[in-house]
Structure formats: structure tokens, C-alpha cells
Amino acid sequence: MANHPLRIVIAGGGTAGWMAAATFARFLETGYEIDLIESDDIGTVGVGEATIPQIHLFNDALGLDEDAFLRATGGTFKLGIEFVDWFKPGHRYMHAFGDVGRDVGLLPFHQYWLRARSLGLAGDLGAYSLNTHAALAERMQRGPARTARTLPSMPYAYHFDAGLYARYLRRYSETRGVNRIEGKIVRVTRDGDSGDVSGLVLENGTTVAADLYIDCTGFRGLLIEEALGTGYEDWTHWLPCDRAIAVPSARSEKFTPYTRSTAHAAGWQWRIPLQHRTGNGVVFSSAHMSEDEATATLLAGLDTPAKADPRTIAFRTGRRKRMWNRNVVALGLAAGFMEPLESTSIHLIQSAIARLLKLLPGRVIAEADRTEFNRQSDFEYERIRDFIILHYKATARDDTPFWRQCRDMAAPDTLAAKIDLWRGNGHIVREHEELFTEVGWLQVLAGQGIMPAGHHPLADAISTSDLGEFMDTIDKLNAREAGQMQDHAAFVAQHCAA
Ligand code: FAD
């Protein structure tokens with residue numbers, strides 16, 4: 001008995017299910033049997049198109065060829081996110097991946113920028129980011145910048161069709177031995193003594209049993225919530241949006257290598273260019289905007305004709321009280337949900353999978369492993385939550401009740417402390433497990449119009465003329481470098497056309 005392979009059953013075959021299956025297929029080649037149950041009748045959430053650069057770690061770990069993956073998923077490149085009308089109507093800024101400026105000695109670049117800004121010697125932060133220059137010029141390049149000694153390399157992520165990505169990973173997983181079971185789970189059975197999940201009963205009467213269950217059944221959380229009653233921590237008092245309406249439109253001439261997020265009266269709208277279409281959607285608070293109004297806002301914001309009827313998705317922002325409960329680990333929407341403002345959901349799936357692999361149980365699950373998994377997951381979720389709240393909280397908008405509510409709400413203590421630290425002398429501290437870097441926080445804090453009262457005194461050590469020249473040189477080098485890159489559309493056509 002002790003020698004039988006450990007069985008892992010993945011319930012659900014959306015992005016989360018197939019990402020888990022592919023990773024297990026790759027790293028648990030011996031000693032494990034992996035099943036995945038999904039129901040074509042139920043389908044997947046069918047959205048989720050923008051990512052962050054950490055996706056490279058996942059794809060590289062699986063050994064995926066970048067161009068083949070982009071071809072299979074209609075993918076494009078993403079250098080950052082442009083936020084339009086968030087701070088106030090008519091204002092825009094970029095949260096670009098990669099460095100901003102060059103750190104000098106002990107000080108991060110932004111301390112010099114703050115001083116230069118106060119002297120009228122510096123422009124907006126975007127001028128000092130290579131990714132922002134390249135994004136706005138719609139350029140793309142892989143590998144280190146040509147002037148790598150003076151400029152950093154250019155990190156990027158992707159936009160892709162998440163449905164096609166799941167299909168791609170399904171082929172990968174099935175080729176490597178994952179057993180896909182088509183069927184609807186109608187009942188979850190539990191062991192009378194331990195209370196653990198003991199089997200998943202399918203509509204055809206079969207029971208699938210395992211040592212470890214991965215709940216990837218989407219928002220409902222069939223195992224983690226409906227069977228185990230784990231509980232959900234609701235964050236809608238901080239993030240009041242609770243609906244999305246998505247619609248694909250034709251491919252746009254404006255083939256931007258960045259996601260655009262445009263704030264509207266009660267939420268925001270995304271625009272994501274793919275090779276075969278543009279992904280669009282509105283996220284809104286149903287307490288402040290009707291579905292008809294939201295649909296009208298969405299359609300008015302399209303730059304190409306819609307290719308299907310708009311589809312509404314209801315959600316509740318928050319997270320499961322324990323993402324690993326008993327012998328069930330929840331991934332993806334079953335674990336929690338935060339709106340896709342910073343494209344973090346697919347990342348949260350990949351980091352949870354990595355965490356699970358590190359703490360992978362044998363035949364017996366140690367309580368300490370579960371506790372550690374949940375501690376790390378909670379921390380990761382909370383810091384991302386804070387970052388998303390910042391976009392709403394730090395706004396000068398007071399044109400609608402929605403924005404007044406967001407502006408006036410009490411921020412979580414952890415976020416309030418971050419804002420206070422920045423407001424004083426421009427300090428940003430990142431605790432080591434936080435996803436977003438100092439430079440990410442910097443761009444959103446400054447982009448949302450919060451400027452510190454002072455700067456680090458060491459930034460005064462440089463003469464005013466040297467400071468002005470330093471700023472100017474970085475801006476010019478970035479512009480020159482971006483100007484030499486290939487046009488994004490041409491780059492995609494050459495390397496990875498679907
Ligand atoms: P789902 O896609 O819902 O899959 C659930 C699976 O469970 C399906 O296969 C279904 O058939 C199966 N299932 C359910 N019940 C049963 C049953 N009883 N029996 C058998 N099978 C069952 N993420 C990003 O990273 N970037 C984005 O830009 C982004 N945009 C988003 C926009 C919106 C509006 C929303 C709602 C989400 C977005 N996401 C984004 C999140 C992303 O879509 C999800 O994280 C991702 O798709 C994972 O979904 P999932 O696999 O957990 O769930």
C-alpha cells in the first residue's frame with residue numbers, strides 16, 4: 001500500500017487547472033498519478049489576457065518555446081500598463097515593467113528625480129523608463145538593450161488568449177501523462193473520521209479518489225467552499241467593484257505593446273491587443289452603475305467593432321480564509337479574486353503552484369506545511385490587494401459618488417503606512433516576499449499624484465547642473481534606444497504570427 005503512487009486529482013480545467021497539471025507533469029514524473037476532471041458543459045470563466053513578467057519563470061520551467069507559445073495563443077508583448085483618467089480626468093501615466101532611471105551609489109534613482117522635480121529639472125517619471133518610451137512608441141525588442149552598459153534590459157510580459165493558453169497546456173500535460181477525465185462532479189464525499197475529502201463523484205456514478213485534491217473549479221470553490229465550508233474574507237469595502245462585462249473586438253491598428261486601463265464613472269475599462277482580436281471589458285460597482293450603463297460605457301470605449309455579445313461576470317473581491325484546508329488546495333478563482341487591474345491572477349496561480357511544490361506533502365500532510373502555505377499566500381494576496389487599492393484611494397477625482405467613496409475610505413493599515421512613508425521623504429520599502437517592486441510602487445504613487453514633502457539628503461550631494469544633465473541624459477538615451485527598436489506589429493509578424 002505504501003508503495004502505490006500518490007494520487008493528485010485536479011478538479012477543474014480552466015487556466016488554473018491546466019497550469020497545475022502542466023507543472024505536476026513536468027516535475028512529478030515519478031511516484032505520482034495526476035488526474036484532471038473538467039466539464040465541457042460548465043466551461044471556464046473565459047477571460048484573463050494580461051500577465052506580468054514573472055510568467056517567464058513559469059513558461060521557462062515548463063520548457064515552452066516563447067514563439068511557439070505566442071503563436072498558439074495569439075499572443076503579443078506587454079511592456080506595462082497605461083492608466084488613463086485615474087488620478088483625474090485627462091491625466092495618464094504608465095506603470096511600466098523594469099527600472100526607472102539609474103540608481104547612484106546608495107540612493108535609488110527616484111530620490112534624485114524628486115530633487116530634480118522640485119527644482120523644475122525633471123519631467124514625468126516615464127521619461128526615465130526605457131519600457132515607457134518603447135511602449136508609447138509601440139516598439140519591441142528582446143534581450144538586453146544595445147546600450148546595456150548605460151541602460152537596463154527591457155523586461156516584458158504577454159497578452160494572450162487564456163482559453164488558448166489552457167488548451168496549449170492541456171496538450172503539454174496530456175503528452176506527459178496527465179489523465180483528463182471529462183465529467184461533471186456532482187458530489188464531494190468526506191471521510192467520516194478525519195473529515196478530509198475522500199472522493200469526487202461524477203455524474204456517471206464513478207468516484208475519483210486521491211491523496212491530495214487541487215480545487216480549480218472557479219469562483220464556486222466546489223471542494224474548498226461547498227464541501228469544506230472554509231469561509232471567505234470579503235474585501236469589497238476596499239474594492240467595491242463586483243461586476244465585469246467583457247467583449248472581444250476586431251484587431252486594432254493601434255497594436256500597443258501595453259495594456260490600457262481607463263477609469264470611468266464607477267470603475268474602469270481594459271483594452272488588451274491580441275493578434276486575432278482586442279480584448280475589452282469594463283469593471284464596475286453594481287451599487288454605483290447599472291449593467292446597461294456599464295455596457296454602454298464599454299461599447300462607447302471600443303476602438304474597433306465588437307465581435308460578440310458582451311458577457312457579464314459577477315465576482316466578490318476577497319480570498320478564501322485558508323487556501324489549503326485539510327487535503328484540498330485551492331488555486332485560481334477558487335482561492336480568491338482581485339480585479340485584473342494589475343494583471344495578477346495568473347501570477348497568483350503560478351506562485352501558489354510553486355509554493356505547493358516546495359511544501360509538497362507525502363502520504364501524510366503536516367499541519368505546519370499547511371500553515372506555512374497559507375501564511376505565505378495570505379501575505380502575497382494582502383500586499384497585492386494594497387497595491388490595487390492604492391489606485392482607487394489615491395485619486396483627485398470627485399466627479400462621482402463612486403470616486404468620492406474610494407478617495408474617502410480608510411485604507412488598510414499596511415497601505416496607509418506605505419503611503420505615509422512615501423509622503424515624508426519619498427521612501428519605499430519592499431518586504432522580501434512582496435510581488436511589486438519599489439519601482440512599481442513608485443510609478444503608481446507618483447502617477448496617482450502623491451508627491452513627497454522632501455527627499456533623501458544625500459540627493460543634495462550632486463550639483464544642480466550635474467543633476468539636470470543626469471536627468472536629461474537618461475531621457476535622451478531611452479528615447480534613442482526605443483527609436484532603434486522594431487515596430488511591435490512587425491516584430492510579432494516576424495517572430496510569432498499566429
Ligand atoms: P475557471 O476558468 O472558471 O475554470 C473552472 C473549471 O472548473 C472549468 O474547467 C470548469 O469546467 C470546471 N468545473 C467547475 N465546476 C465543475 C464541476 N462540478 N465538475 C467538473 N468541472 C467543473 N487574470 C490575469 O492574470 N490577467 C487578466 O487580465 C485577467 N483578467 C480577468 C478579467 C475578469 C473579468 C476575470 C473575472 C478574471 C480575470 N483574470 C485575469 C483571472 C483569470 O481569468 C483567472 O485567474 C483564470 O482564468 C483562472 O480561472 P480558473 O481556472 O480558476 O477558473
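Colleague: Which helix gives the most residues to the shell around the ligand?

Modeller: This is a predicted model, in which local features need pLDDT of at least 70, side-chain atom pairs count only at pLDDT 80 or more, and totals for chains, interfaces and linings use all residues. Residues are numbered from 1 along each chain as its sequence is written. Helices (DSSP runs of H or I, at least four residues) and strands (runs of E, at least two) are numbered from the N terminus, and those that each supply at least two residues of the shell are strand E2 (32–38), strand E14 (243–249), helix H9 (345–358) and helix H1 (15–27). The most, 3 residues, comes from H1.

Colleague: Which residues come nearest to the ligand?

Modeller: A residue counts as near if its C-beta atom, placed from the backbone, lies within 6 Å of the molecule. The shell divides into 18 nonpolar, 16 polar and 3 charged residues, where Ala, Val, Leu, Ile, Met, Phe, Trp, Tyr, Cys and Pro count as nonpolar, Asp, Glu, Lys and Arg as charged, and the others, Gly among them, as polar. Of the 37 residues around the ligand, those that come nearest are Gly12, Gly14, Gly48, Gly218 and Gly332.

Colleague: Why do the buried residues of H8 line one face of the helix?

Modeller: With buried meaning 20 or more other C-beta atoms within 10 Å of a residue's own, exposed 12 or fewer, and partly exposed in between, all placed from the backbone, helix H8 (residues 291–300) has Ala294, Thr297 and Leu298 as its buried residues. They line one face because, seen down the axis of H8 and taking directions from that axis to the C-beta atoms, they fall within an arc of 100°.

Colleague: Which strands do the buried residues of H8 pack against?

Modeller: The face turned away from the buried side of H8 carries the exposed residues Asp292 and Ala300. Taking contact as C-beta atoms, placed from the backbone, within 7 Å, the buried residues pack against E14, strand E15 (259–264), strand E16 (267–273) and strand E17 (278–284).

Colleague: How many residues of domain 3 are in contact with domain 1?

Modeller: The bounds, from an automatic or database domain assignment, are 6–49 + 161–235 + 317–365 for domain 1 and 243–314 for domain 3. Their C-alpha centres lie 29 Å apart, and the shell around the ligand draws at least three residues from each. In contact with 8 residues of domain 1 are, from domain 3, 10 residues.

Terms used. Contact = placed C-beta atoms within 7 Å.
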